[in-house]
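Here are some notes for a colleague who is opening this structure for the first time. Please read them with the structure on screen.

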Amino acid sequence: MPEAHRPRVLLVDPYLAREDPMDRKFVELYPSLGLLQLGAYLRAHGCDVRMVDLTFARDAAPVTEALREYAPTVMGVHTKTLTFERCRLIAAAARAAGIYSVAGGPDSATRPGIYLDAGFDAVVTGEGEAAIVEIARAVAGGDEVAGRAGVVVRQDGRLVRGPHRPYLKDLDALPLPAWDLVDMDRYLDEWEKRTGERRVAVLTSRGCPFDCSWCSKPTFGRSFRQQSPERVVAEICALQERYRANYVRFCDDVFGVSRAWIERLLDAMAEAGVVLRFEVLARVDLLKPDLLHRLREAGLARVYVGVESGSQKMLDLMNRGTRLAQVERTAAALRAEGIRQFWFLMLGYPGETLEDIEATLRLFRKFSPEEYSVSIAVPIPGTRFHETVKARLLGRAPRRTRAAGGGALLYEAAYPESLYKWEQARFGLEAALGKARNRLQPKVVEGVGHVADRFHERVATPLLTGRKSPPIKPE
Ligand code: B12
Ligand code: SF4
């Protein structure tokens, strides 16, 4: 394509780490793989690409500068609920500069109308690669964008949605992410300072075939596609050669849905002589002890697991598809292998009683995971959970970060918000006691736990719920 007709695309990551309400120390920083993938694809399809990554910036000024200096054909912004307000400012800057703006990513896919109202010209609701190329070419050629697959625009006040865009079939055909679009050294230096390791993010699949009733999957739905193990190893080798990466976070929704695939990946890594440490997010039903052993030998250092609840009744209500016996087996195997475990737990899902919460706390106490997060269930629009509680929503703006992050109660649940907050604090104390077990006399630790339990039973529960507490059973 002649240089003059090449569409120029400015990609923007509006995430500003310094403004993340989660403490900067705890936020894990990786560049957006979605945008790096779009950048590589756009280049492979004849577009010129630049990117403004605000992660380490002070404010959004670099976007205005790039709009002026680069004068792109199209600006494409990655959206998360957390960054909505900044997206609005960025869309206004593009409009003022007369530049066509497109939003994509999880938040705008869930609520495209809000983004169009905020000033974006179009929203891409699913997989972005083919859609952004089509939009860039259409805008450069003065063609219509409305009606294209996977694209939503507003016309005469009405939302015009194009048909669903089929997902890319062959993920191996995608070019390697365009890491050069961001300041990789800055990310790696941050990691090296914090952990001594050069950490990078890698994706081996898109989507998830499971169907947990509270999970929102706005971009890839229930589609599930995997790269070949060879392609994954090629990406890791490139990251090692170019950036001296020695730790990989596999960013898949669920790592290793197929055991045969994991075995092949481990073989391919061994064949290529890849030496690294890595972490994954996985399901307890997929992590059999013998597989964990092999994974640990290959460098598995940390596993994020969605334990969610210590009550089988709750796991069934959530349609998790996991058994408590699997949770226990996996937690024990992780401990035996010396692999760090990070548990995700959820409180306040419909149907949960105080006894169920107690069961979750007991499970937590039994295994003392090294890390955890316990959130208050967030009903995300489009999920079955949201459908169930729609009539009982408390009308709090879902975009409030505290709420979006599971720190606030968003619907009229069985108990008041104060009870859930108190329960979160109990998990905090339990975690501290778990850590103290190695350092203090067991009697002291048990004593503090006992006093906290009695306080919960006799004071906190009656005060916060107006009901008697179920008796706390000893282990
Ligand atoms: C890995 C991951 C992380 C990693 C790495 C994040 C990163 N920088 O990429 C870490 C742990 C650092 C992380 C942090 C956070 N995350 Co996160 N994360 C994920 C996860 C599991 C995968 C993201 C990913 O790489 N996907 C693969 C790529 C290829 O897909 P994609 O990004 O969606 O991009 C595709 C399309 O969406 C689209 N697209 C995306 N952007 C654009 C832009 C344009 C213009 C177009 C046209 C298309 C387009 O095209 C892309 C290619 O097809 C998702 C869950 C999920 N499945 O999306 C959650 C998820 C994105 N994270 C989420 C959240 C809330 C966060 C945090 C805000 C948490 C916090 N601090 O409280 C932070 C924000 C940090 C940040 N830098 O933005 C939420 C966002 C929900 C929402 N509505 O906002 C998700 C959806 C999880 C969830 N269900 O709650 N996260
Ligand atoms: S919570 Fe995890 S396993 Fe369940 S549907 Fe969502 S991504 Fe899949």
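1. Ligand 1 is surrounded by 37 residues, the closest being Gly 34, Gly 76, Lys 80, Gly 104 and Gly 128, where a residue is near if its C-beta atom, placed from the backbone, lies within 6 Å of the molecule. This is a predicted model, in which local features need pLDDT of at least 70 and side-chain atom pairs count only at pLDDT 80 or more, while totals for chains, interfaces and linings use all residues. Residues are numbered from 1 along each chain as its sequence is written, and chains are lettered from A and ligands numbered from 1 in the order in which they are written.

2. Among the elements that each supply at least two residues of this shell are strand S3 (74-78) and helix H6 (129-141), but the largest share, five residues, comes from H1; helices (H or I, at least four residues) and strands (E, at least two) are DSSP runs, numbered from the N terminus.

3. Both domain 1 (3-161) and domain 2 (171-378) give residues to the shell, so ligand 1 lies between them; the bounds come from an automatic or database domain assignment.

4. In the protein as a whole there are 17 helices and 15 strands, and its C-alpha trace spans about 75 × 55 × 40 Å along the principal axes.

5. Buried residues (20 or more other C-beta atoms within 10 Å of their own, with C-beta atoms placed from the backbone; exposed means 12 or fewer, partly exposed in between) make up 39% of the 475 residues.
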